[in-house]
Every structure is written in C-alpha cells, then in structure tokens.
Amino acid sequence: MTQVENILKKTGIIPVIKLDDAQLAVPLAKALLAGGIGAAEITFRTPAAASSIQAITEQVPDMFVCAGTVLNTEQAKLAVSSGAAAVISPGTNPAVVNWCLEQGVPVYPGCATPTEIEAALRMGLTTLKLFPAEVVGGVKLLKALYGPYREIKFMPTGGISPSNAADYLRQPNVIACGGSWLCSEQDILREDWAAVETSAREAAELVRSVQNAAS
Ligand SMILES: O=C(O)C(=O)C[C@H](O)[C@H](O)COP(=O)(O)O
C-alpha cells in the first residue's frame, strides 16, 4: 500500500466537499482536522475548487487534500498545480489516468463493474473508487468482487452514510469510504464549523471502532 493509501486508510472516511466560496476552505479544513479527519476531497464541481485546494494546502498543511470529480486532464493539471495530493473521479477517463501515472500523481478513478475493474488493472491500477456504491451493489458487490480480484482495493462513495459506513469499512477490500454527508452543504453555507467538527468527530470515532474491532 502506498503512503497516500495509508493516509486514506488511516482516515477511513473521506469527506466529499463542494465549495462555492474558496474563503470557506480553510476554516472548513480546520474544523475537520479538529474533529479528527485529516483528509478531504474537494470536488471540481465549482469554479472555486482549485483556489480552495490551494488555500488548504498553503494554510492547513496537516490536511491531506485530494481533488474530486476530475473529468479531464485540464482539471487534473489545475488540481495538481493547486496542491492536490491525489486525483479522484466518478468514472475512469484513460487520458486523466495516463496523465497522472506519467506525472507520478496518485489517481483513483471510479468503476462499477468487473469489466471496468479489469480495464483499470490493464492501466496498472490496483486501488479504485467504487461509484455509485449503494446503487451498483454496495457491500454485496464488494464481497462478490473480493473473490476474483483479491489484489484490488476500493474506496466506495455514493450513498455512504453513518448508517452503512461501518459495513463498508469492515470489508477486506475497502481502504476508506467517501461521503458528502460529513460536510453538509447547509453547515458549510451557515459556516457552522462546530457542526462540521462534531460530524468529523463522530466519523472518526466510527472509523476507530471498526479499526479497533479488526485489530
Ligand atoms: O465527484 C466525484 O469525484 C465522485 O466520485 C462522486 C462523489 O464521491 C459522490 O457523488 C458522493 O456521493 P454522496 O456521498 O452520496 O453525496
């Protein structure tokens, strides 16, 4: 497992974040850290993504920042130049994957089927996002995939919540889960950093309980 994957595994639950105002990135990241969540995925769903990643990278160095929803190489280049430590996407764009591999940038493209997994294997990838997890089969799918694809690790996202995250984290082929529930758009808009810290604390406790039970 790479250093990046160890960070993701240790964090356990990666908040998937959409920010419209980059000014909110630093206080949000500090609230997550205060709650015990040291990694975050800033999605390229808004024009504020790159500046948000840069602000966190420069002002909250203990926060491990990934770029999410990266759909093309232009976004991948902007994400990495802004300081993103990894590139994540809902699907698999070979141009994005190849650019990241050529640049030595950790990349975790989304997949949902054995055919997509084998296409990713051919590109040299063994850690993948599983998206949209709850729609394509959830934990049952992960159990089924563990048979033929022992060497593949997944980061499920899409429908993950406090009610099912532990089930996902208990799977031997899951290194971490992602979810937007951890930083709700409402809490971000209200700049309710106490609520974000509480949500992070609860998520970190959930991860600890699963990791302690497994050790
Ligand atoms: O945009 C990306 O890079 C993605 O991979 C998709 C996100 O991870 C999911 O949209 C999060 O799903 P929810 O937690 O159910 O809101």
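These legends describe close-up views of a predicted model. Local features need pLDDT of at least 70, side-chain atom pairs count only at pLDDT 80 or more, and totals for chains, interfaces and linings use all residues. Residues are numbered from 1 along each chain as its sequence is written, and side-chain values use heavy atoms, leaving out hydrogens and water.

**View 1. The largest nonpolar core has 66 residues.** A nonpolar core is a set of buried Ala, Val, Leu, Ile, Met, Phe, Trp, Tyr and Cys residues joined through side-chain atoms within 4.5 Å. Buried means under 20% relative accessible area, exposed over 50%, partly exposed in between (1.4 Å probe, protein chains only). Ile17, Leu28, Leu32 and Phe154 have the most contacts inside this core. Helix α11 (residues 193-214) gives the largest share, 8 residues. Helices (H or I, at least four residues) and strands (E, at least two) are DSSP runs, numbered from the N terminus.

**View 2. Phe154 and its contacts.** Contact means heavy atoms within 4.5 Å. Beyond four places in sequence, Phe154 touches residues including Cys111, Leu130, Asn173 and Ala176. A second, separate core has 12 residues, among them Ile14, Ala86, Met155 and Ala176.

**View 3. An open sheet of 6 strands.** The order is β5-β4-β3-β2-β1-β9, with parallel pairing. Two strands pair if DSSP finds at least two bridges between them. At the edges, β5 (107-108) and β9 (177-179) each pair on one side only. Strands β2 (residues 39-43) and β3 (residues 64-68) share 5 bridges. Thr43 has Gly68 in β3 as its bridge partner.

**View 4. Thr113 in a loop.** The loop runs between β6 (110-111) and α6 (114-122). Thr113 counts as partly exposed because its relative accessibility is 31%. Thr113 and Ala76 lie 24 Å apart, C-alpha to C-alpha, and 37 residues apart in sequence.
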